[in-house]
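This briefing is meant for a reader who is meeting the structure for the first time. Please look over the sequence and the model before going on to the points below.

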Amino acid sequence: YEPPAPAPIRRLQESLINRIAAGEIIHRPASALKELLENSLDAGATSIRVTVKDGGLKYLQIQDNGCGIRKSDLPILAERFTTSKLSTFSDLSRLTTYGFRGEALASISHVAHLSVTTKTRTTTCAYKAHYSDGKLVPAQPGQTEEPKPCAGNDGTSITIENLFFNTPTRLAALRNTSEEYSRILDVMNKYAIHNPSVAFTCKKAGSASPDLSTPSGSSTKHAIKIIYGRTIEKDLLETRVKEDSKKTEESWSADIHFTNANYQAKKMMFLLFINSRLVESQRIKRALENVYTGILPKGASPFIYLSLKIDPRSVDVNVHPTKKEVHFLNEEEITTRICDVVQEKIAEKSHSRVFEYQT
Ligand code: ADP
Ligand code: MG
C-alpha cells in the first residue's frame, strides 16, 4: 500500500472561515430569530413584531421598541466580538443579559443580507445601515455605505434576507418552508410565555392575521391560555419552589405551570428556562415525565413550563450558543425537589376534587 503524496496545507480564505463559523451559530431561520429576539429583550423592548416570508429563508424581520443603537456604533455593529454587554471576564458570572459574545449579528451578516434601521430616544431621526461579511456596505452599488438618516420609530428593526444564499448545501437542506415557519413560531411562543410583560406578534408577510399575538403587561397563565388554548388553562396548576441557603450558590427558585391529571396531550410540551434562557435538559424532562407516568394513562402527556433561577455561578453560561443542553451544580437535588412538589400538588388537587364530589 502506497499512501498518497501529502497535499500542501493552505490557509483558508478569511471569508470562508467566517462562513463556516457562522453556520455553526445560525443553523436555520429559527436560530437566527432566537438571537434577534434575545437582542430585543436585552434592549428592554416591550413590543416585538416578527414578519416572515418563506419560513424565514427569503425574509425575516424583527421590529422592537427597545433602546435602539447609537449611530456611532453602527460601523462595528456586525463585526465579530463587538458587544455592549460584556467588558471584563469577571462580568461573565454576573451576566443579566442574554447576549455577551457579540457573534449573532456578525454571523448573520456572513450568511445573509442584513439591514438595520434604528433610532434611540435622543435622536430626531432613525438610521438605516446594510451589512455584509461583518462590514457596512452600500444599499446599492455605487452608493456610500454610510448609514442613511430616515424616518423611523424609537427602537430597532432588523431584516435578514436570502438566508444561506452563499451556502447552497445548507439552503438545500432547508427546503421545507412550513417546517421552518413552525419552528420560528415555536421559539416565539415559548419566549412569549416566558416574557408575558412583552407584546409579541408573529405573522407571514402579506397575511392579515398574525399567528401569534400577545398583549403587553400580561401574566404567564394568560399567555399560556392565549397560545396553547383554553383547554389547557382549566387544567393548569402553578407553584413556586424556593430554597434559601446561607451559602448563596445553593439558593434557587422555580416557577412551574403544569397540567393536572385531567389533561392528556399526545406529546409532552416542556418549556424550560434557566435564568431566562430557553434551554434543554433531557434529565429534567425525563424526571418530570416519570412523575406523570403514575398519574396519566399510557400514551398521554402533560404540559409543563418551568422557569428555574439559580446562581449564575453554578451554571456555565460560557457554553457555545448552540449547546442548548445544560448542566448545573446540584442538578439532581433540584430536579428531585421540583418533581416531588409537582407530584404533591397534583395529588392534592385530585384529592380535593374527590372530596368536593363527596360533599
Ligand atoms: P451580543 O448580543 O452578544 O452583544 P449581537 O451580535 O447579538 O451580540 O449584538 C451586538 C450588539 O448590537 C449588542 O451588544 C447590542 O449593543 C446591539 N444590538 C443588537 N440588536 C439590538 C437591538 N434589537 N436593540 C438594541 N441594540 C441591539
Ligand atoms: Mg445577541
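Are helix 2 and helix 5 roughly parallel or roughly antiparallel to each other? The model is a predicted one, in which local features need pLDDT of at least 70 and side-chain atom pairs count only at pLDDT 80 or more, while totals for chains, interfaces and linings use all residues. Residues are numbered from 1 along each chain as its sequence is written, and chains are lettered from A and ligands numbered from 1 in the order in which they are written. Helices (H or I, at least four residues) and strands (E, at least two) are DSSP runs, numbered from the N terminus.

**Helix 2 and helix 5**
- The axes of helix 2 and helix 5 (residues 177-194), which are lines fitted to C-alpha atoms over the stretch in contact, come within 8 Å and cross at roughly 25 degrees.
- Helix 2 and helix 5 are therefore roughly parallel to each other, a term that covers angles under 35 degrees on a scale from 0 to 180 degrees between N-to-C directions.

**Helix 3**
- Eight of the eight residues of helix 3 (residues 104-111) are buried (20 or more other C-beta atoms, placed from the backbone, within 10 Å of a residue's own), so helix 3 is largely enclosed by the rest of the structure.
- Among these buried residues are Leu105, Ile108 and His110.

**Strand pairing**
- Strand 10 (residues 236-243) and strand 11 (residues 252-259) pair, meaning that DSSP finds at least two bridges between them, in the antiparallel sense over eight bridges, and the partner of Thr239 is Ile256 in strand 11.
- Strand 11 also pairs with strand 14 (residues 303-310) in the antiparallel sense, over seven bridges, and His257 has Tyr305 in strand 14 as its bridge partner.

Notes:
A residue is buried if 20 or more other C-beta atoms lie within 10 Å of its own, exposed if 12 or fewer, and partly exposed in between; C-beta atoms are placed from the backbone. Angles under 35 degrees count as roughly parallel, over 145 as roughly antiparallel, 65 to 115 as roughly perpendicular and the rest as oblique.
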